[in-house]
Amino acid sequence: MSAPQTHLEILPRSVQLLLVLGLAALIAFPFVGTNFYIDMVNRMMILAIFAMSLDLLQGVTGLVSLGHAAYFGIAGYALAFLTPEGAPVSLYTSLPLAVGGSALAALIIGFLVVRTQGIYFIMVTMAFAQMVFFLFFDNKALGGSDGLFLNFKPDAVLIDLENKQVFYFFTLACLVGVYAFLRRLLWSPFGRALSGIRVNEHRMRALGFGTFSHKLAAFTLAGALAGLAGYLWAAQSGFVNPELMGFHMSAHAIMMVILGGMGNFAGAIIGAFSFEMLLHVFKDLPAVGNFETGKHWQMWMGLFIVALIVFAPKGILGLITRLFARKEERHE
Amino acid sequence: MSERQTLMSARQLTKRFGGLAAVNDVNVDLWLGHIHAVIGPNGAGKSTLTNLLSGDLPPTSGTITLDGHDITGWTPEKISRHRLGRSYQKTNIFRTFSVWDNVRLAAQSRERHAPWNPLRWLQSAAGLTAVNQRCERAIDLAGLTQRSQTVAATISHGEQRQLEIAMVLATDAEVMLLDEPLAGMGSEESAKMVEVLKRLRQTRAILLVEHDMDAVFAVADTITVMVNGEVLESGPPAQIKASVAVQQAYLGSEDSFHV
Amino acid sequence: MDLVNFSIQLLNSVQYGLLLFMLAAGLTLIFGIMGVVNLAHGSFYMLGAFLAWSLSGMLGSFTLAIIVGTVLSVVFGLLLEKLLFKHFYHRDHLDQVLLTFGLIYVFEEMRSMLWGDDVHGVQIPEALSASIALTDTLSYPVYRLFMSGVCLLLALGLYLLISKTRLGMKIRAGAFNHEMTEALGVNISLIHAVVFALGVGLASIAGMIAAPISSVYPNMGSQVLIMCFVVVVIGGIGSVRGALIAALLVGLVDTFGKVLLPQVSGMLVYVLMAAVLLYKPEGLFKQ
């Protein structure tokens, strides 16, 4: 019904194809990959869910949050607290509780933060996330700087999540489910209102939309979905520490979303996978003479980010669509 | 004079910025089936008045009533939900959306959509028939049917002004505040818009801030002339046309008062 | 708490607050005038500290190190503005956030390559190493008073610059209305460069004078950055006066919090920020 957007909400054929191929590859992967790589791809899928949750906030609603990792970490810690020393905890109780915890935190912090605009919003989201970070970092009772271990994966009764491949497919199911949900939401009345808020909040208010409650709802939902990702992360890695809620984690999320392309959730998935792969590439760079190239991966990552912002601010999807647009022009 | 139903009124409305009174002790009434035009030289306070009535600016003193409620100090969202709509002098559209999406969003605003309702997250916005109907009607009325699939940033300035009107129409507002709707329109488009206003008049109360004197005198039932934030004179078009005080107010200003 | 202890904590609060002000003032000016959010602002603080350490080693004098260090930092800041930041004034905040986050990584690595990853101490210069005796057992270091003194002096200088000089007037005009100021013939790029250099310089000096007390270590920039942001939020973007008051408030809350309520001291400042936001979402002294 709508005309092509500059914000790439309607996915071009090329991207849809890419996603389908990607899904096929993800399904096939556990049958050909080693345990090490299954773990790695599993982590990427979890980060993709995390990135999509941020995309809802950032790409769709236009709220740049530098503290989104707080909700990622809270759910992870919730699972850590709920998992007893000697036995697993039920998936069916721990998952809603953990995600609910993240959602509640997002609701409370969101209530304080959504009333601010622009730069303020960026800074206060960061500040509150740091507050959560210090809450866990400074308190031995909450694990302190060392963090907490989980001795068991959650018990799903019907399937065995301790099995790597089973857990992998469970994560994949969550990834697909979240993607489908968010795509549906994007074209719902709520999603359309959020897009309107991003493009012209003033007019939305003049039209009678309660923009505060819309933004708060988006903030809370995004927090809940980040919690889902954090829960899976804790379950998979068996370990949580305050870094999961830290500034760097939040900034990584932003970078993943930007790298892929904002506003359509497909970009978030692409960005998450690309970012992690890039990180591995930089860390594994062979030494040039005496210079340990890999050790200084932060430098290459930093330069890459700077280059990305300067030359390709619309990310990978932006580049793909530009490429295909030019091809179409030549055909005409 | 037949019984007039007052939909909106303002009494002793004043807005000060520091020492300057942009709007000073202004009374205005908007009646159903009536177009009330507000004219005056630049800087007269017309836009400020509109902003006060729509809730975009809080008044320094005075009261505003809408449909029986005292709306002084209400937020724009709340006022809008009480069936007031406004168009802007400086085009205030969703530039990256298509014309259809602009108006559709305006039409959607009338649905009682609590953002916390998960059902609203899964419904398809394009499937809301009532919204689509309102949208189509508004676009048609504003004369933009040919352009509905075009991105709003790429249509002509005059068409963007039409879009402004379409958005207000889509909200089915009972009281409409139109801030220079004809600005930037060619004579043919202006004439069409004047016809639209005439058609709308029967079921709305309209405040029309305008510089286009031909349009104002073709369509207004009452004209209020503002100068330096105050009401100079208010009355039927014939009275304003003949008024010496009004002629003098325009003398020496950039606007001309030739009818 | 007796009077002596209270006075010590009060002095510490003021010293910490003034140091934060040095950083926050630059940040709030750069936000307010150029509209740029700079996450790498903390890196300039770190730069100052490392320069203080390496230059005092090379030149043998702390004072000389500060002078040379300030010059070097300002030059670095001007280059950065001209080559990179200048092109981002009109960009989305998001782009700026990412750009400056990338810069944090780059600066950390540059620091690592230039000066290594170890923690270093900087000697307090002889002349300032004494302590003022307050009681039989307690004394207050002269150096901390020196730090407060330097910050106050610079704060005064900043105030005079902005409110009493023509340059300051142009800076304020530029913050108020860009196009108009440009149309009036004021060289707006020069103003931007000056403001940016000022911000970098203040942050760097803060790092230099703090070095003997806080030591010099990797990542010292990020920790102070968050506090800086909190100060700017509480004070209101663009308001230097707000930054001063907010910085002192934060200094008080943090210092006394650590002493009186150590279990929650880390969170107190954020509670303060939350309270301010509820009452004034744009900060106490928003322009």
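Guide: Helices (H or I, at least four residues) and strands (E, at least two) are DSSP runs, numbered from the N terminus. This is a predicted model, in which local features need pLDDT of at least 70 and side-chain atom pairs count only at pLDDT 80 or more, while totals for chains, interfaces and linings use all residues. Residues are numbered from 1 along each chain as its sequence is written, and chains are lettered from A and ligands numbered from 1 in the order in which they are written.

Visitor: Why are α10(C) and α11(C) called roughly antiparallel?

Guide: Axes are lines fitted to C-alpha atoms, for helices over the stretch in contact, and angles run from 0 to 180 degrees between N-to-C directions. The axes of α10(C), residues 240-260, and α11(C), residues 265-279, cross at roughly 150° and come within 8 Å. Angles under 35 degrees count as roughly parallel, over 145 as roughly antiparallel, 65 to 115 as roughly perpendicular and the rest as oblique. The pair is therefore roughly antiparallel.

Visitor: What makes β6 and β10 of chain B edge strands?

Guide: Two strands pair if DSSP finds at least two bridges between them. Six strands of chain B form an open sheet with mixed pairing, in the order β6-β7-β8-β3-β9-β10. β6 (84-87) and β10 (230-235) of chain B each have a single partner strand, so one side of each lacks a neighbour in the sheet.

Visitor: How do you know that β6(B) pairs with β7(B)?

Guide: Four bridges join β6(B) to β7(B), residues 175-179, and the two run parallel. Within these strands, L84(B) stands opposite V175(B).
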